[in-house]
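Work through each task with the structure open, then compare your steps with the solution.

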Amino acid sequence: MTAPTATPISVRIARHDRLVQHAQGRLFTRTWAPEDASGEAAAAARQAAPIVLFHDSLGCVALWRDFPEALSRATGRRVVAYDRLGFGQSDPRVERPSLDFVAEESALYFPALREHLDLQRFVALGHSVGGGMAIHCAADSGGGCEALITIAAQVFAEDRTLNGIRAAREQFQDPRQLERLVKYHGDKARWVLEAWTENWLDPGFAAWTLSPVLPRVTCPVLAIHGELDEYGSARHPALIGALCGGPAQVDILPGVGHVPHREVAGKVLELIRQRLGA
């Protein structure tokens, strides 16, 4: 795998927003890409496979904060993030997602994103449940996924995960907590919360696992996990490393919780840069 070098600090990272049409509603996307006067950084970024970000259960494009721009600069690549349908600036949904929602992101929604943004080749990077969606997209891409990066991903419904969600559901009984979601999801905030808590805590979801999917991932893999992750033990990255069909690297970060790319951003960026440059 070849990769452009890190983009110099002096090079501007341009940002572009776009709405992707889908049969069920519009998907909001944002792209970050190196742009400089000589065009060298921009040309290198266009040639390399872009990194596509898959957000967590309560996430959206805005909640990635400054990570996408820093990732674009560290890797010299375009970075694409999008709001899943019902989240952030994408169109709302009425019905709660089915219990097969992790696989459905790859089967029903990501293909439209690939077509409209011409993502013939891509790197899939997902945080938390977005990591599970990235795993599906890597497995289903027909060879289009050049690398898979998971951050704090879950691959089965572990008791630690479910207990963390139960505790969060109690915390969101406080209207002030829900107001934090309204800032990013507007009128969709209650739907976003229930799409997370009620699906994961549904008894029908207890048997969910990515174990049959992981062997179909044949690209290089980097699984990053915090030692103190309150939503998943180290069993998750261990399974990713053991079951993936391609070469896998597992990094457990000491003293880090569920959001490594925010808690130790520099370390995460360096791990990704090294893996994509290998």
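**Exercise 1: a salt bridge across the chain**

Asp-91 and Arg-26 are joined by a salt bridge, with their closest N and O atoms 3.2 Å apart. A salt bridge here is a side-chain nitrogen of Lys or Arg within 4 Å of a carboxyl oxygen of Asp or Glu.

This is a predicted model, in which local features need pLDDT of at least 70, side-chain atom pairs count only at pLDDT 80 or more, and totals for chains, interfaces and linings use all residues. Residues are numbered from 1 along each chain as its sequence is written, and side-chain values use heavy atoms, with hydrogens and water left out.

Task: locate Asp-91 and Arg-26 in the chain, and decide whether Asp-91 is buried or exposed.

Solution. 
1. Asp-91 sits in the loop between β4 (79-82) and α3, and Arg-26 in the loop between β1 and β2. Helices (H or I, at least four residues) and strands (E, at least two) are DSSP runs, numbered from the N terminus.
2. The two residues are 65 apart, and the pair links distant parts of the chain.
3. Asp-91 has 19% relative accessibility and counts as buried. The cut-offs are under 20% relative accessible area for buried, over 50% for exposed and in between for partly exposed (1.4 Å probe, protein chains only).
4. Arg-26, at 36%, is partly exposed.

**Exercise 2: two further salt bridges**

Task: state how many salt bridges the model has, and describe the pairs Glu-35 with Arg-12 and Glu-270 with Arg-273.

Solution. 
1. The count is 10 salt bridges.
2. Between Glu-35 and Arg-12, the closest N and O atoms are 2.3 Å apart.
3. Glu-35 belongs to strand β2 (residues 27-35) and Arg-12 to strand β1 (residues 12-20), so this pair ties together parts 23 residues apart in sequence. Glu-35 is partly exposed, with a relative accessible area of 39%.
4. Glu-270 and Arg-273 meet at 2.8 Å, N to O. Both lie in helix α10 (residues 265-277), and because they are 3 residues apart there, about one helical turn separates them.
5. Glu-270 is partly exposed at 31%, as is Arg-273 at 35%.

**Exercise 3: aromatic pairs**

Task: count the aromatic pairs, then classify the pair Phe-54 and Phe-110 and the pair Trp-200 and Trp-208.

Solution. 
1. Rings of Phe, Tyr and Trp (its six-membered ring) pair if their centres lie within 6.5 Å; planes under 30 degrees apart count as stacked, over 60 as edge-to-face and the rest as tilted. The count comes to 10 aromatic pairs.
2. Phe-54 and Phe-110 are 5.4 Å apart, centre to centre, with 55° between the planes, and the pair is tilted.
3. Phe-54 is in strand β3 (residues 51-54) and Phe-110 in helix α3 (residues 101-117), so the contact ties together parts 56 residues apart in sequence. Phe-54 is buried, at 1% relative accessible area, and Phe-110 is buried at 3%.
4. For Trp-200 and Trp-208, the ring centres are 5.4 Å apart and the planes stand at 75°, so the pair is edge-to-face. Trp-200 is buried at 3% and Trp-208 is buried at 12%.
5. Ring pairs also link Phe-54, Tyr-82, Phe-110 and Phe-122 into a cluster.
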